[in-house]
Protein chains: 6
Amino acid sequence: MVDVSHKTETVRVAIAKSSIIVNEEIHAQIAEGTNKKGDVFAVAQIAAVMAAKNTANIIPMCHPLPLTGIDVQFDWAIDHENNHFEILIHAEVKTKGLTGVEMEALTAATSAALTIYDMCKAVGKDMVIGPTMLMKKTGGKNGDFERQL
Amino acid sequence: MVDVSHKTETVRVAIAKSSIIVNEEIHAQIAEGTNKKGDVFAVAQIAAVMAAKNTANIIPMCHPLPLTGIDVQFDWAIDHENNHFEILIHAEVKTKGLTGVEMEALTAATSAALTIYDMCKAVGKDMVIGPTMLMKKTGGKNGDFERQL
Amino acid sequence: MVDVSHKTETVRVAIAKSSIIVNEEIHAQIAEGTNKKGDVFAVAQIAAVMAAKNTANIIPMCHPLPLTGIDVQFDWAIDHENNHFEILIHAEVKTKGLTGVEMEALTAATSAALTIYDMCKAVGKDMVIGPTMLMKKTGGKNGDFERQL
Amino acid sequence: MVDVSHKTETVRVAIAKSSIIVNEEIHAQIAEGTNKKGDVFAVAQIAAVMAAKNTANIIPMCHPLPLTGIDVQFDWAIDHENNHFEILIHAEVKTKGLTGVEMEALTAATSAALTIYDMCKAVGKDMVIGPTMLMKKTGGKNGDFERQL
Amino acid sequence: MVDVSHKTETVRVAIAKSSIIVNEEIHAQIAEGTNKKGDVFAVAQIAAVMAAKNTANIIPMCHPLPLTGIDVQFDWAIDHENNHFEILIHAEVKTKGLTGVEMEALTAATSAALTIYDMCKAVGKDMVIGPTMLMKKTGGKNGDFERQL
Amino acid sequence: MVDVSHKTETVRVAIAKSSIIVNEEIHAQIAEGTNKKGDVFAVAQIAAVMAAKNTANIIPMCHPLPLTGIDVQFDWAIDHENNHFEILIHAEVKTKGLTGVEMEALTAATSAALTIYDMCKAVGKDMVIGPTMLMKKTGGKNGDFERQL
């Protein structure tokens, strides 16, 4: 694990996004709150928060960081004509630490997607997760990052 | 967490795939073994194995299962003309248990992708992970699954 | 950790209860879903499920068991005249294993209560958790248990 | 998880208490050190320390904090006439961090109680844990807290 | 992680030993129970039990196993003439599972030694841990093992 | 866990060493990269890094610290005449924190040794781990340590 002892403690923010394509029945279950396992977005949000806090245990060479804020949002991208039901996942992570939180944001977004898959897989296993990517990163000496669309 | 006490213990297998698109320099570093953080595929494989074993801690409503086998493979899909360098991740998980291991296979594949991102992000943060999906599932009473391509 | 190798694998169930007394404002926030941290009961339920799965890491001499089912319920016991607002927590845990799941049920109920405290403590820190106790236990050779009221 | 990046790092202390009512035989076993699983208070104290350090993994929306001190004490409250044997648990947690450690103190006290239950449940399962509550909290901008008795 | 799905579930036992050489003052503190951090052997024993249960998270390619019994013992090997104070650590682990528990026994013995080091390092940092080794292993098709002395 | 709130945050470094004696066939497998479970040193290095980050969960009274750097190296000490094949393990850990990282360095070195044992035990179970010891420690008010050889 590379040495970051010399880095400066600053506020650092990273934003990642992921997504999951579901079928019409899964969309209906989530929208109507009839999934038997519970509130899908509530469970996915908590999974994202807990996974973000555990990133250094999931990603071997990742530095442990005391996260100061995690925010996860879900939005629907629906195209009824093409029978397309997609959940957009947006994860923002903050720390006041020595290294960036890109991995924490990506891990949060991914865990949310995996949890949605788990909550809904009894209805259909052909959901597709992602693409998953870093959208933005600020703080730290190495320069900010913002994805070009 | 739904009750599975009545289910039968059988051998269950699940296969998931993910992928990550990297840039040319990252490809060269991995191919030549010059990444400063270590052997990228070796670290990613171990991350996948350890995350698979921890799936029930990452996915809230997932049943804990004593996994009996985990296999992770990496392949390059390269198109030099279009400057496309993509790592294909294939994860296969086995158990002898009461429920399937779809989530374990998906978690393994995803963790491998996230770890590759972490190992290579100093060279470029615009890598794209996935799509990630279940490819196949056998064992258990609910019927097998094989993704239609 | 005492040796249970000789015990028989059977379905075992344990039910525990806990509770938390909150103030009127906290009751209103939960009832109206206006707590800023999220859906209090949804988060508490997930905390209970995840803690139950982690019991052997929280209680040193507790045997690890592959839980097969966890169910957590919340009910209000309200006495407006005496300004008494209490959440009753009911946790039921199942396994198909060599030892009982009393500790898992107690840990689930307790973690739910602690999580409610955490979600609501910005409004008032004088909440009181418990008493917490085992209500019922079935399965295994040592005899069933049912609390006398 | 709410954003605390703007908060100030100060020394913060929280004190929680819990308790567990046991039967006469359990009291004798602990007092005489004859419990077959080991030294009950020693195991309970370690469980409390380890759980306090793991609070952010047990309580979903809890911020991870590098704890700087944890102290757990046990006292007996005995009333022979009424056959009442109760263990009082006192947990004090310190950090030098951005948020308070109320949850860590409550988690420590609770884990100690659960561990005592586990160590002694072979002798009697009708032990009663708690009430559990925060007694005192100092440090941070939001004001101190001290429970009114 | 190699596939063990085809293996047979049997009772498996493994015994490992480790040791730690301490100085005279540390010996006195442990013998007299005056270590400020607590009862050294009690804490070391619990550390061993908890680490054994966590072996599959510490050793990457190790299969998760539901351990059924863990026993840890400490003995003094003292030679006053040569000012030699050594703690012998003996760890025995049992499971009813598909693979052996050699790693669990070795991890238990090692964690006990590390914990003794931690509890006593304020008095002297030149303690020496080990050698650590497997002493015996029974159960499973691959044949038993017993160390030749 | 002793109170360290009053200590000063400084860069702290600790270096530990361990070792493992293997047989000739294991040496050949590692040297030629033919171990069926994977690249032995790569897996051992990652195990060491992850265990170092988890030290406060493995050693009960150890303070949690946000590690800033971990470096693990392997060297062979071979004496063909005496059929002696030994792997020397060197672990260096850094933090910018309130207490030292001796336990983290010792835990890293030990976990690397245990992982090598696990990767190679199919070829021979009589490997011997250690002695394991702290070599050097700098930073903090209590004075530096350097082992006298």
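## Basis of the report

Two parts of the structure are said to be in contact when they have heavy atoms within 4.5 Å of each other. This is a predicted model, in which local features need pLDDT of at least 70 and side-chain atom pairs count only at pLDDT 80 or more, whereas totals for chains, interfaces and linings use all residues. Residues are numbered from 1 along each chain as its sequence is written, chains are lettered from A and ligands numbered from 1 in the order in which they are written, and side-chain values use heavy atoms, with hydrogens and water left out.

## How the chains are arranged

Some pairs of chains do not touch: no contact joins chain B and chain D, whose closest C-alpha atoms lie 10 Å apart, and no contact joins chain A and chain E, where the closest C-alpha atoms are likewise separated by 10 Å.

Two copies of a chain are related by a rotation about an axis and a shift along it.

## The interface of chains A and D

Between chain A and chain D, 14 residues of chain A are in contact with 15 residues of chain D. The area buried between these two chains, meaning the accessible area (1.4 Å probe) that two parts lose on being put together, summed over both, is about 1,200 Å², and carbon and sulfur atoms give 55% of it. M50(A), K53(A) and T68(A) supply 40% of the area that chain A buries against chain D, more than any other three residues.

The count between chain A and chain D is 1 salt bridge, a term that stands for a side-chain nitrogen of Lys or Arg within 4 Å of a carboxyl oxygen of Asp or Glu. The side chains of K94(A) and D3(D) meet in a salt bridge, with N and O 2.6 Å apart.

## Other salt bridges

Side chains of opposite charge can pair when their charged atoms come close. Over all chains, a search of the whole structure finds 24 salt bridges. One of them joins K125(A) to E102(B), with the closest N and O atoms 3.7 Å apart; this pair crosses between chains, from the loop between α4 (102-120) and β4 (128-129) of chain A to helix α4 (residues 102-120) of chain B. Helices (H or I, at least four residues) and strands (E, at least two) are DSSP runs, numbered from the N terminus. K125(A) counts as buried at 19% relative accessibility, and E102(B) is buried with a relative accessible area of 3%, where buried means under 20%, exposed over 50% and partly exposed in between (1.4 Å probe, protein chains only).

Another salt bridge is formed by D3(C) and K94(E), at 2.6 Å from N to O, and this pair also crosses between chains, from the segment before β1 (10-22) of chain C to strand β3 (residues 84-97) of chain E. D3(C) is partly exposed at 31%, and K94(E) is partly exposed at 23%. Within chain D, D118(D) forms a salt bridge with K121(D), the closest N and O atoms being 2.8 Å apart; D118(D) is buried at 1% and K121(D) is buried at 15%. In chain A, a network of salt bridges links K37(A), D118(A) and K121(A).

## A helix and some strands

How far apart are the ends of helix α4 (residues 102-120) of chain E? Its end C-alpha atoms are 28 Å apart, which agrees with the 27 Å that its 19 residues should span at 1.5 Å a residue, the expected span being 1.5 Å times one less than the number of residues. The helix α4(E) is mostly covered, since 19 of its 19 residues are buried.

In chain B, strand β1 (residues 10-22) and strand β5 (residues 133-138) run antiparallel and are joined by 5 bridges, where two strands pair if DSSP finds at least two bridges between them. K17(B) stands opposite M133(B) in β5(B). β5(B) also pairs in the antiparallel sense with strand β6 (residues 145-146) of chain B over 2 bridges, and K137(B) stands opposite F145(B) in β6(B).
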